[in-house]
Amino acid sequence: MSNPARTLVLVDGSSFLYRAFHALPPLTNSREEPTGAVLGVANMLRKLLSAYPGAHIGVVFDAPGRTFRDDLFEAYKSHRPPMPDALRAQVEPLHAVIRAMGLPLLIETGVEADDVIGSLAVRAAAAGYDVIISTGDKDMAQLVSDRITLENTMTDTRLDREGVIAKFGVPPERIVDYLTLVGDTADNIPGVPKVGPKTAAKWLQDHGSLDELVARAGTVAGKVGENLRASLGQIPLSRQLATIRCDLELPLTPDQLGCAPPDLAELRAWLTRLEFHSWLRQLEADGDPAPAAPRSGIETRHACVLTEADLERWLARLAAAELFAFDTETTSLDYMQADIVGVSFAMTAGEAAYVPLAHDYPGRPEQLSRDAVLARLRPLLEDPRRAKVGQNLKYDAHVLANHGIALRGIRHDTMLQSYVLNSTASRHDMDSLARHYLGHTTITYEDVAGKGAKQMPFAAVEIADATAYAAEDADITLRLHQHLWPRLEAEAELKRVYETLEIPLVPVLTRIERTGVLVDVFKLAAQSRELEQRLQDIEQAAHEVAGGAFNLGSPKQIQAVLYDQLQLPVLKKTPKGQPSTDESVLAELAEHYDLPRLILDYRSVAKLRSTYTEKLPQQINPRTGRVHTSYHQAVAATGRLSSSDPNLQNIPVRTAEGRRIRQAFVAPSGHRILAADYSQIELRIMAHFSGDASLRAAFAAGTDVHRHTAADVFSVAPEAVTADQRRSAKAINFGLIYGMSAFGLARQLGIDRGLAQEYIDIYFRRYPGVKAFMDQSRETARARGYVETLLGRRLYVPDIHSRNAQSRQYAERTAINAPMQGTAADIIKSAMIAVDGWIQSSDCGVRMIMQVHDELVFEVAEDALERATESIRGLMAEAVSLSVPLAVDIGAGANWDEAH
């Protein structure tokens, strides 16, 4: 953050009040008084105060009654429904809480909150302040400048000048012109009929401003041009209504906006009435409720263990603890390469110890022997009865394994607790969790080790600084557990997901990662040469089509060839107004022109070569001779695993080049690669959720469900279904799961929109259970703010009540497909745990080496192949119980590609 003393945060309280009311569940206290919107806005304010400690701040609300815009236009906002009673009842309590927090509250009659914010922002920017406007209102984009940015605290997004251009297609100084053309249905500001965002942006890009457009209105062709000319009379009024005033005389100046000390008695009184118990407990625990304090009152008493006597005392405390937090400080983020520099632990909140073991800098104090300390810790760390909690303990398990210690007793992981509670509420790293749940800003790695090129290895950090950093990590991890675990315990289904899926999966993933995958470097080298030749061939073909040489890796040269030389239609422009060459544009052009298709082919092949055939050999661990990916449990909102370094999820399976790369993933001598893949798992989950009799019958009979769907949709006998009809049915089956519209289906199948809608209508008539399930999913999401998987994982859809139609429609699609994707993720995780249990308990000659989407990949001794195939198929098919059978396709071969 810039200088806090010259930073001003302006909060659009009215915007967030409405958003919190519609986005959060309808919370009430024991007296049935609504409280959800108060809690949502107050938490947002506390988050801002934590993010911008010491900054000037003002919270602005609309005043009741008419404004100057109502006098200008009687119909202004006239169609808006009155404020719901449950929201009106929360306005005064929210204002009272804000005042008790010590925050300036601004409510000016006769104008809107936007005008107050605009006047303060412009005045502050002129005085040298950096201004952050916290809002979800698109109209505020007109205020953005070099010193003014928008920040949506509810979605964690920021909008600077380039962001405004990227989002709207016009710069901030043209936003009023843009809003004048588009209009605003929410405020009842009339725009030009049939002029949407794309047309408005294009007009302003072409003409420079609304005034220039109006001057040349006679040159605008088509029906939309007629609408423009018919609207010329009302454009000045629309522009005046859309313009935020920035010239108000206000009772407070930016210099006078600041956080006063909170009124503790008043704040406690309101929190007690509203029954915000968690906030009350935090006040009591911290002794200082001021959320603007950068460290939030949390302090860690840290001990640095440098003597045998100190170590003995801490070991005794660890041995007596029911649970302790544990963390390692290391030489590398690469878990296969990392060595321990020190370890930290905590048993009670507020107190932690750090044991430095391998710090190396001039004048360092003498440290205990790393080998000796780890030997003393080994019995505790390897004892499964000694409960441990950590933050991403899988990494620490790997690091300990590098030193010959097998970490057991992983009882809790705060990263996974947060992830299961709400996968989208926050990032799940410790620093983010501390800010989000504890209101605490932690000591960062950069604070002690420096940044960028000057960043030093942790071993070079002075022990005093390292102790404060590492001990805090252990303490905050323990505090997070104490905060998060009761919330999980209170939700039986979430607790079950955490205890039966996510925590048991940690050692499974550790073993998979540690085993790694054998790759054939010679095969990769040969493939790399072939891909290089393929790139040259594509390049030559592209030059022939273009009529001359150009650099296929240069967007600027591609732009010149496509649009200046070949005069291809411009479908989209960059934020700077240049014709776009991004992938979506090229894909659309490729349907009609050869050169865009060749450029896409070139990009695809180049990415395969750089990401896999060239990079994979560099990622081989010199000690094991294998590639070791990292699987991430707390990234995808749906519960699916992701992988990195290398990303094994993104190797294409539908292209010849992608399949060839899979040929380089090989089995060692005497073994085979076995790949086990769930067949049509999401469609089977849909059949289970929807209860649709026809869909269930198709799976129960073991028929080809795409052929079955094609027969129903196209009214033909199953044996008469053509390949094209089956392909269309497959697109319908999978497309509807992902909420595909008639427009999207029409594009995919190359048919007109009317026919695509007819296919969808027929599908829903034949499968009414599917339609009912989709409708119910949307309603559930609207009522509760989330949907659930079969096993109870909760998937939040915060935009389900968004006033933005595009955001709301995306949330509705998510409400339909997230239960399917999330259930598929839960099923494959259940299968991994079951299969790993069988592998660990038997001498079966099997090692699990990869998880990719709905597929598990194994190395199997050749003489164990038949038994392994039977056991793995059974364990995966029985991972969960559905009303339709789970089918598992299994193949084996000398390499991953052959196994398919």
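This report describes the overall build of a predicted model and then turns to some of its helices and salt bridges.

**The chain as a whole**

The secondary structure of the chain comes to 35 helices and 20 strands. Taken along the principal axes, the C-alpha atoms fill a box of roughly 85 × 75 × 60 Å. The chain has a radius of gyration of 30 Å, which agrees with the value near 29 Å that a compact globule of 900 residues would have. Of these 900 residues, 51% count as buried. If one looks at the contacts in the chain with a separation of 6 or more, 68% of them are accounted for by residues 24 or more positions apart.

Helix α27, made of residues 681-690, packs with helix α33, made of residues 768-784, at an angle of about 80°, and the axes of the two helices are 9 Å apart. Because angles of 65 to 115 degrees count as roughly perpendicular, that angle makes α27 roughly perpendicular to α33. On the side of α27, the residues that take part are M686, F689 and S690, and they meet G769, V770, F773 and M774 in α33. The residues of this contact divide into five nonpolar and two polar, with no charged residue among them.

**Salt bridges**

| Salt bridge | N to O distance |
|---|---|
| D475 and R479 | 3.1 Å |
| R784 and E788 | 3.7 Å |
| E859 and R847 | 3.3 Å |

D475 and R479 both lie in helix α20, which covers residues 463-489, and they are four residues apart, about one turn of the helix. An α-helix has 3.6 residues a turn, so residues three or four places apart point the same way. Both D475 and R479 are buried.

In the salt bridge between R784 and E788, R784 counts as partly exposed because its relative accessibility is 33%. E788 is partly exposed as well, with a relative accessible area of 21%, and the cut-off that matters here is 20%, under which a residue would count as buried.

The side chains of E859 and R847 also meet in a salt bridge. This pair links distant parts of the chain, with E859 in strand β19 (residues 855-861) and R847 in strand β18 (residues 846-852), 12 residues apart. Are the two partners buried or exposed? E859 has 2% relative accessibility and therefore counts as buried, whereas R847, with a relative accessible area of 40%, is partly exposed. Elsewhere, salt bridges that share partners join R174, D177, D211 and R239 into one network.

**Two further helices**

Helix α18 runs over residues 430-438, and its buried residues are M430, S432, L433, A434, Y437 and L438. Just after α18 comes G439, which takes a positive phi of about 65°.

E312 has its place in helix α14, which covers residues 308-320. With a relative accessibility of 38%, E312 counts as partly exposed. In sequence, E312 and R376 are 64 residues apart, while in space their C-alpha atoms are 9.4 Å apart.

Notes. Residues numbered from 1 in each chain as written. Predicted model: local features only at pLDDT ≥ 70, side-chain atom pairs only at ≥ 80, totals over all residues. Heavy atoms only, no water. Axes fitted to C-alpha atoms, helices over the stretch in contact; angles between N-to-C directions. Parallel < 35°, antiparallel > 145°, perpendicular 65-115°, else oblique. Contact = heavy atoms within 4.5 Å. Nonpolar A, V, L, I, M, F, W, Y, C, P; charged D, E, K, R; others polar. Salt bridge = Lys/Arg side-chain N within 4 Å of Asp/Glu carboxyl O. Buried < 20%, exposed > 50% of the residue type's maximum accessible area, 1.4 Å probe, protein only. Rg over C-alpha atoms; globule rule 2.2 N^0.38 Å.
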